[in-house]
Amino acid sequence: MARIQSAVKNIRKSRKRQVINRARRSALRTQIKKVRLLLDKKDGASARQALPTALSTIDRAVSKGVMHRNAAARHKSRLTRHVASLEKAS
């Protein structure tokens, strides 16, 4: 266990951030899964409605440092492309 006061405080801070980041990452994964499930069901209209929420959540995760910007760009690109292809097929 840390004895120096600043180290003890840093441990406290990192634990708080860990809880917040875990919640954000979970929300992010949930939004992505929602869009993917709708894509699997071939429900283009619902997927199109769920997409902006997922993209917003991804952007927020990047701004908060939960996700790397390149990984976010990859997820956004793939989700958008799949939704667009599903709408074309319909």
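**View 1. Glu87 is partly exposed, with a relative accessibility of 32%.** Partly exposed lies between buried, under 20% relative accessible area, and exposed, over 50%, computed with a 1.4 Å probe on protein chains only. The model is predicted: local features need pLDDT of at least 70 and side-chain atom pairs count only at pLDDT 80 or more, while totals for chains, interfaces and linings use all residues. Residues are numbered from 1 along each chain as its sequence is written, and side-chain values use heavy atoms, with hydrogens and water left out. The partner of Glu87 in a salt bridge is Arg48, and their closest N and O atoms are 2.4 Å apart. A salt bridge here is a side-chain nitrogen of Lys or Arg within 4 Å of a carboxyl oxygen of Asp or Glu. Because Arg48 belongs to helix α2 and Glu87 to helix α3 (residues 69-89), the pair ties together parts that are 39 residues apart in sequence. Helices are DSSP runs (H or I, at least four residues), numbered from the N terminus. Arg48 is also partly exposed, at 47% relative accessible area.

**View 2. Lys76 and Asp59 form a salt bridge.** Their closest N and O atoms are 2.7 Å apart. The pair links distant parts of the chain, with Lys76 in helix α3 and Asp59 in helix α2, 17 residues apart. Lys76 is partly exposed at 26% relative accessible area, and Asp59 is partly exposed at 38%. A search of the whole structure finds two salt bridges.

**View 3. Helices α1 (residues 5-40) and α2 (residues 44-63) pack at an angle of about 155 degrees, their axes 9 Å apart.** This angle makes α1 roughly antiparallel to α2; the term applies over 145 degrees, whereas under 35 counts as roughly parallel, 65 to 115 as roughly perpendicular and the rest as oblique. Axes are lines fitted to C-alpha atoms over the stretch in contact, and angles run from 0 to 180 degrees between N-to-C directions. The crossing of α1 and α2 is left-handed, that is, the near helix is turned anticlockwise from the far one by less than a right angle.

**View 4. Residues of α1 meet residues of α2.** Those in α1 include Ile32, Val35 and Leu39, and those in α2 include Ala50, Leu51 and Ile58. The residues of this contact divide into 12 nonpolar, four polar and no charged.

**View 5. Thr57 lies in helix α2.** Thr57 is buried, with a relative accessible area of 10%. Residues up to four places away in sequence aside, Thr57 touches Ala27, Leu28 and Gln31, where contact means heavy atoms within 4.5 Å.

How values were computed: Helix = DSSP H or I, 4+ residues; strand = E, 2+ residues; numbered from the N terminus. Nonpolar A, V, L, I, M, F, W, Y, C, P; charged D, E, K, R; others polar.
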